[in-house]
Amino acid sequence: MIDLGWAAGFLPLIGAGFGVGFLVGLTGVGGGALMTPLLISSFGVTPQIAVGTDLLYASITKTAGSWRHHVSDHVEWSIVFRLTAGSIPASLILLAAIAFIPLNTAALAHWIRMGLIVALPLSGLALILYPILARTPEREADGKDPPHPMITVLFGVALGLLVTLTSVGAGAIGVSVLAALYPHLPAKRI
């Protein structure tokens, strides 16, 4: 007979993944804000492994969601390119710093926890403020929002650093700030 006792250890992780996935699918936000702290506090995973695991998991699931939104023409590519222009270089610089600056494991875990202390309340605040920020103001004469290219790139830098360090912020914080910068953009395109 095959011993499946080892599988019982995975059931809580599967349940946590299902619960977080369900909430993210329902709301579109909260993956990093839920999964990373859950892995650290409930499952005893080190902060570095929790962030890396969540980022890999998010990249896989968000790829499928991104493709679906692209096919449905819900992507505002000019904003994606601006965010990418800031976030990718910032992420690479932070990853290089983590790789080449001689931090011990405890120091890196400390900085990730400090990042989470900042990111989690910001994420919660962003969720509370989103309905206010998402209100569509009176339209300008041409009916469009100003492009805010540099602000969007700089926000991409901040978001790239925050997400690379903590895996938190791309959903709640990103959506809320983009709603404030581009108030005429429909929520499905944000």
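A nonpolar core is understood here as a set of buried Ala, Val, Leu, Ile, Met, Phe, Trp, Tyr and Cys residues joined through side-chain atoms within 4.5 Å. Buried, in turn, means a relative accessible area under 20%, exposed means over 50%, and partly exposed lies in between, with a 1.4 Å probe and protein chains only. The structure is a predicted model, in which local features need pLDDT of at least 70 and side-chain atom pairs count only at pLDDT 80 or more, while totals for chains, interfaces and linings use all residues. Residues are numbered from 1 along each chain as its sequence is written, and side-chain values use heavy atoms, with hydrogens and water left out.

The protein contains eight helices and zero strands, where helices (H or I, at least four residues) and strands (E, at least two) are DSSP runs numbered from the N terminus. Read from the N terminus on, the order of elements is α-α-α-α-α-α-α-α. The C-alpha trace spans about 70 × 45 × 30 Å along its principal axes. Of the 190 residues, 32% count as buried. With contact taken as heavy atoms within 4.5 Å, residues 24 or more positions apart account for 75% of the contacts that have a separation of 6 or more.

The interior may be considered next. In soluble globular proteins, nonpolar side chains tend to be buried together. The largest nonpolar core of this model has 27 residues, and I79, I112, I173 and Y182 touch the most other members. Two or more residues of this core come from each of α3 (31–41), α4, α5 (77–100), α6, α7 (149–166) and α8 (172–181).

Two packed helices are described by the angle between their axes and the distance between the axes. Helix α4 (residues 47–71) packs against helix α6 (residues 105–133) at an angle of about 55°, and their axes are 8 Å apart. Such axes are lines fitted to C-alpha atoms, for helices over the stretch in contact, and the angles run from 0 to 180 degrees between N-to-C directions. The pair α4 and α6 is therefore oblique, given that angles under 35 degrees count as roughly parallel, over 145 as roughly antiparallel, 65 to 115 as roughly perpendicular and the rest as oblique. Helix α4 contributes P47, Q48 and V51 to the contact, and helix α6 contributes T105, L108, A109, I112 and R113. By class, these residues divide into five nonpolar, two polar and one charged; Ala, Val, Leu, Ile, Met, Phe, Trp, Tyr, Cys and Pro count as nonpolar, Asp, Glu, Lys and Arg as charged, and the others, Gly among them, as polar.

Helix α6 also holds G115, which is buried at a relative accessible area of 9%. Leaving aside neighbours within four places in sequence, G115 is in contact with L162, L165 and T166. G115 and A50 are 65 residues apart in sequence, and their C-alpha atoms are 13 Å apart in space. A further residue of α6 is S123, buried at 6% relative accessibility. Residues up to four places away in sequence not being counted, S123 touches A33, V168, A172 and I173.

In helix α5 lies S87, buried with a relative accessible area of 17%. Beyond its neighbours within four places in sequence, S87 is in contact with G156, V157 and G160. The C-alpha atoms of S87 and I190 are separated by 17 Å, the two residues being 103 apart along the chain.

Side chains of opposite charge can pair when their charged atoms come close. A salt bridge is a side-chain nitrogen of Lys or Arg within 4 Å of a carboxyl oxygen of Asp or Glu, and a search of the whole structure finds one. R189 forms a salt bridge with E76, the closest N and O atoms being 2.9 Å apart. Because R189 lies in the segment after α8 and E76 in the loop between α4 and α5, the pair ties together parts that are 113 residues apart in sequence. E76 is partly exposed, at 24% relative accessibility.

The loop between α4 and α5 also contains D73, which has a positive phi of about 60° although it is not a glycine. D73 is exposed, with a relative accessible area of 55%. In the loop between α7 and α8 stands S167, whose phi is positive at about 65° although S167 is not a glycine. S167 counts as buried, at 7% relative accessibility.
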